[in-house]
Amino acid sequence: MKRLILSFVAICSISAQISFTGNTETRIGESSSGFYYNETLINTNLQYSAFTNWIQLEYSDPPELGRSINGVRKFRLEYDNGPIQLKLGDLYEIWGRGLVLNSVDDQAIDRDSGIRGITLMYNSDLFSTQFIAGKADISQSTINALGFNNRKHNYHTSHNLYGLNIEKLFGDHNIGFSFLQGLEKHPINTFPSDTIDIKNQLHSLNYGYMSSLFDFYVEYIMSRSYEFEEDTWNSHTTGKGLYGNLNLYFNLFSINLEYINYRYAALDPISRFNIVDYYGFSQPYQNPPVAVYIHENVLMNRISHQTDFNNEVGYKAELMGSFSDNIEFLSIFSQSNRTHSWVMDENFMWIKDKKLSSLPNYNPAAMPFKDFYSELTFRSFNNNLFIKLGYADTKDIVDLLQNTVTDTSQSLTYSLASAKTIPLNFSYSFNNGWSIESKIELQWLKKGYWWYEEKNNEIIADSLMSIFLDDDGKRLEQEKNSFISLTVSKSPKWSFTLTSDQTSVKESFLENKSIINPLEKFLGIDQERNWVNIEFVYHLTSSMRFSLMYGSLKGGLLCTNGVCRIIEPFDDGFKISLSTVF
Amino acid sequence: MKSTLYFIIPLLIVSFLFADKKRDMMLPDLTIKLINGKKTRLSTLLEDGPILVEFWATWCAPCKKEMIFLEEYHKKYSDRGFRVLAISTDSPKSMSKIKSYIRAKKHTFLVGLDPNQEVAKKMNAMVMPTVLLVDKDRKVSWFHQGFVPGDEKEIEAQIIKLLDANNQMDSN
């Protein structure tokens, strides 16, 4: 396949009728704690008549996240002639809202669910259909397989896929149908290592309506999986999912409502993220919508909710509009939980307690999450002055540790993360190209274990045991975080940013002490928990951008669309990046 | 490591030498899905005149700041055949609110959808926001990555430059 593509490139290259564009991105970083990466990505786009070709080369030794590659990372050949489109190579396709298929290549968290294969599409104004066949080799990180590592995935599954998607427009109405089957080689925890064969079948139906007053979309999916045992496919599990979206448009504001209800499997609190021993449920190439708002500010994203794609019910309501030409507002409320509450039996084994309603509620035994965010934006002086002030209140029951219930007592323990955050952005642009910008985020974070004990209708305990300790080892109720960045820029050439990221206390589970860099010493910030860096961005030409960062970056949880990954801190080092377009 | 450097260093030199030759960058006649559910071709969008393409997402704060100015330029230069096309790269996880965002902000420019970033890759938009000024022949006359306050003045200067060049060609 690669030879075929490369031959095509060679043939096209000798022709004068081709159009060739591309880009490169080189990133190099090294910290005092020994963290080092060096990666270059080169994308080339080649067009010849109705053919286009995309090749992505990677040279990494090692990359910031993931495994080293030296050579072709991705390639695709496309033929596009009127309503017919054919693609061969690495495919990233989305059907509907991603309930059946949403293959992504998210390098920020090293998540790649692309399919290497072939797809044939027919698109007309009123009808479209797509057939796809190929193989998806997907890597994930899990503590349930050997070799868990923050930087490299340790669990790999391969899926042979084929499927069909059909969409038909009837005026303002749209109806769609999808079918996708995957044959999975699923590695299990045995010695010597072995795999089992799983067949996953996904069917979905969707309906959409668009008008000037409102839009509506609903998609329903049914999944069924089979396990190959004794020369036959035996039914393993069934599941279903529902996604709904309603947008309402008014003169001064609009409302966006989303609802999710995923019921592929109700796994107990210990097993719910165990992708090794529990299989045949939601698939890594699905990536459906989540009931979590993607925040623009740094501190809120660090405590973002990790969605359980097997079992989650939730909604998100968003109101946005303007009071006047200069003042805009945004308000969001989102909430989700698991479909059942969970209790422990007399042997301290988790069992499903009761099925909850199809609307989210805040029962701690169902590991709920809720998030409120509101912001006001003010613009003035011909849009040269920009001020944004927000407020966020988030509560997430991260894990359920104990819930024993008798006729006369209950003992409930869960781990909790809750935070109140105030982000403030300010920028002013002078008429000579100079501008100043500041971002200030303040956060009051509570993390710990909530203990609730009730006996004979009397509450014995109902309090949080914080994980935050002061220097003397005394427990503190909350941690104060601040993230401040100040930028001076001269458009369109350069910008200079100073960023300070501070926490008030040590997080007790973090053992490694951060390294205080000379910049922090110079600024007189000598607390143990702070990360200061400076970044200089320079546009060498309008299509060539260079950035140099020196200092430290706080690691932690990085969540993208409900999928989270721990990113290691970067202490006292340099990061250089250069991107060019040619 | 050494072999990697042998490859990367010449590549960077070549990139540097050719980076500013993007004026010859010719875009393929891409199919673009619009927010109203219809599909169109880049060549169709360019029939009336040049367009400015911006790649953005609902979670990208600088993109949204830039869009305020793009709306202004879309209205200001529409009588000269100029239009703005803002292509959202929101994935299905946030794409439901694209239209409500555009409606709430009262933006009138064209909005495209590129949830799997296929169009963005073909237009070499690696960071957000990225802005491309595309003339009637699908040639990229100006390319810019990122947005800091003040960039809007450079964007407007480039729009005027392209429109003036087009006028001159038409009169010739």
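## A run of paired strands in chain A

Strand β14 (residues 194-210) of chain A pairs with strand β15 (residues 214-229) of chain A in the antiparallel sense, over 13 bridges. Two strands count as paired if DSSP finds at least two bridges between them. Strands are DSSP runs of E with at least two residues; helices are runs of H or I with at least four, and both are numbered from the N terminus. One bridge links G208(A) to Y217(A) in β15(A). The two strands make a hairpin, with three residues between them.

β15(A) also pairs with strand β16 (residues 232-249) of chain A. This pairing is antiparallel too and has 16 bridges. Here D215(A) has N247(A) in β16(A) as its bridge partner. The hairpin of β15(A) and β16(A) has two residues between the strands. In this hairpin, E230(A) takes a positive phi near 50 degrees. Strands of a sheet pair through backbone hydrogen bonds, either parallel or antiparallel.

## About the model

The model is predicted: local features need pLDDT of at least 70, side-chain atom pairs count only at pLDDT 80 or more, and totals for chains, interfaces and linings use all residues. Residues are numbered from 1 along each chain as its sequence is written, while chains are lettered from A and ligands numbered from 1 in the order in which they are written.

## Chain A as a whole

Chain A holds three helices and 35 strands. Its C-alpha atoms fill a box of roughly 80 × 70 × 60 Å along the principal axes. How does the radius of gyration of chain A stand against that of a compact globule? A compact globule of 582 residues would have a value near 25 Å; chain A has 26 Å, so the two agree. The radius is taken over C-alpha atoms, and the globule rule is 2.2 Å times the number of residues to the power 0.38.

Of the 582 residues in chain A, 40% are buried. Buried means that 20 or more other C-beta atoms lie within 10 Å of the residue's own; exposed means 12 or fewer, and partly exposed is in between, with C-beta atoms placed from the backbone. Take the contacts in chain A between residues at least 6 apart in sequence: 56% join residues at least 24 apart. A contact needs C-beta atoms, placed from the backbone, within 7 Å.

## Two domains

Chain A is divided into domain 1 (82-288) and domain 2 (290-479). These bounds come from an automatic or database domain assignment. The domain centres, taken over C-alpha atoms, are 27 Å apart. Domain 1 of chain A gives 23 residues to the contact, and domain 2 of chain A gives 26. The side of domain 1 that touches domain 2 has 15 nonpolar, four polar and four charged residues. Nonpolar covers Ala, Val, Leu, Ile, Met, Phe, Trp, Tyr, Cys and Pro; charged covers Asp, Glu, Lys and Arg; the others, Gly among them, are polar.

## Where chain A meets chain B

In this interface, 66 residues of chain A are in contact with 52 residues of chain B. Which strand of chain A gives the most to this side? Strand β1 (residues 19-31) does, with seven residues. The side of chain A that touches chain B has 21 nonpolar, 35 polar and 10 charged residues.

## A sheet in chain B

Seven strands of chain B form an open sheet in the order β2-β1-β5-β4-β3-β6-β7, with mixed pairing. The edge strands, β2 (39-41) and β7 (140-145) of chain B, each pair on one side only. Inside the sheet, strand β3 (residues 51-56) of chain B pairs with strand β6 (residues 130-134) of chain B. That pairing is antiparallel, over five bridges. E54(B) stands opposite V131(B) in β6(B).

Two cis peptide bonds come next. D61(A) to P62(A) is cis, with omega near -5 degrees. P62(A) lies in the loop between β3 (51-60) and β4 (70-81) of chain A. S491(A) and P492(A) are also joined by a cis bond, with omega about -5 degrees. P492(A) lies in the loop between β28 (479-490) and β29 (494-503) of chain A.

F348(A) is not a glycine, yet has a positive phi of about 60 degrees. Its place is the loop between β20 (340-344) and β21 (350-355) of chain A. M367(A), also not a glycine, has a positive phi near 50 degrees. M367(A) is in the loop between β21 and β22 (369-380) of chain A. Is F348(A) buried or exposed? F348(A) counts as exposed because it has 8 C-beta neighbours inside 10 Å. M367(A) has 24 such neighbours inside 10 Å, so it counts as buried.

Definitions and conventions. Contact = placed C-beta atoms within 7 Å.
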